[in-house]
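Subject: Structure handover

Hello,

Here is the structure I said I would pass on. My notes on it follow below.

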Amino acid sequence: MTDTLLADSPVTRTDWTRAEIAALFELPFDELMFRAQTVHRAHHAAGEVQLCTLLSIKTGGCPEDCGYCSQSAHADTGLQAEKLMEVDEVLAAAAAAKASGSQRFCMGAAWRNPKDRDMDAVVEMVAGVKAMGLETCMTLGMLEPHQAERLAEAGLDYYNHNIDTSPENYGNVITTRTFEDRLDTLDHVRAAGINVCCGGIVGMGETRADRVGFIHALATLPRHPESVPVNALVPVKGTVLGNMLADTPLAKIDDIEFVRTVAVARITMPMSMVRLSAGRESMSEATQALCFMAGANSIFTGDKLLTTGNRGDSADGAMFAKLGLRPLAGEEPMRVAAACG
């Protein structure tokens, strides 16, 4: 493989081939880490990590059958469906997150897609959180163009809609919507001028070829996602994947392979924020340190994500001190221009 695959040129590539991405995965680990860190330092501040908080604004009862999700109505996890939170409750949680040092506030609702009757409250949440000076992100399921436009008007910075896995493996994880449905929502988000947050989950029993396909699908989008969350599966008993994998230690993705995935994401999408997301509570500090070296520059803080556990602020503070990491310097997120035509 030649140095042209470093992706550290001024032009961000969107023409990666699967063979090139597979070759990155196969590099000796020290070479891969060197290349990833070289790309990272060319485009991001070394040692800075964005602190984010994730809040479930509508929990449980989702009609989708995502095999990893405890909030699916198809899962038997004992999680009860709840109504959409009141706007004041969400804004209070955002204020507490900011006081704890978070720079980004993410709000997630367990919907297949939002109903128009819910949009007034949702856009009020966005506007209120934005007014606090926090970066805003929402994940509400699939969006129609007019819904994306309303979120953009409210000032939403990012919309999260993950592709989850490779196109080939997608049907093994979810059957109630297609991979193309995911891409359609990303198109609506782009057309409205909202930054895209899109990544997926590894450790769901997929092969390395699937991880190659997952990165390839993201890195060959017409414009790379500005935010790329890389999650490690948290197996929850009662979910399809949780029942399959929770009691099978060998099924857990190897730590080095997880770090390789982060590094390849950084190399192929050099300008993106690579977010070390779910699964950190089961990772050692050494594994997380390798992820930061591989180019991850964002984490979720606090002791809970949507419904699963997280490491907690005190553990993260101690780790940051040990590693010499610091919060990302605050700045307004870059807005993207709405598509024409």
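Helices here are DSSP runs of H or I with at least four residues, and strands are runs of E with at least two, numbered from the N terminus. Counted that way, the protein chain has twelve helices and ten strands. Please keep in mind that this is a predicted model.

On confidence: the chain has a mean pLDDT of 85, with 84% of its residues at 70 or more. Two stretches call for caution. Over residues 304-310 pLDDT stays under 50, and the model has 26 contacts for them beyond four places in sequence. Residues 331-341 also stay under 50, with 27 such contacts. Where pLDDT is low, the predicted coordinates should not be read in detail.

On the chain as a whole: it has 341 residues, and 57% of them count as buried. Taking contacts between residues at least 6 apart in sequence, 76% join residues at least 24 apart.

One residue deserves a separate look. Asp164 sits in the loop between strand 4 (158-160) and helix 6 (170-173). Its phi is positive, about 75°, although Asp164 is not a glycine. Most residues other than glycine have a negative phi. Is Asp164 buried or exposed? Asp164 has a relative accessible area of 2%, so it counts as buried, the cut-off being under 20%.

Regards

Key. Residues numbered from 1 in each chain as written. Predicted model: local features only at pLDDT ≥ 70, side-chain atom pairs only at ≥ 80, totals over all residues. Heavy atoms only, no water. Buried < 20%, exposed > 50% of the residue type's maximum accessible area, 1.4 Å probe, protein only. pLDDT = per-residue confidence, 0-100. Contact = heavy atoms within 4.5 Å.
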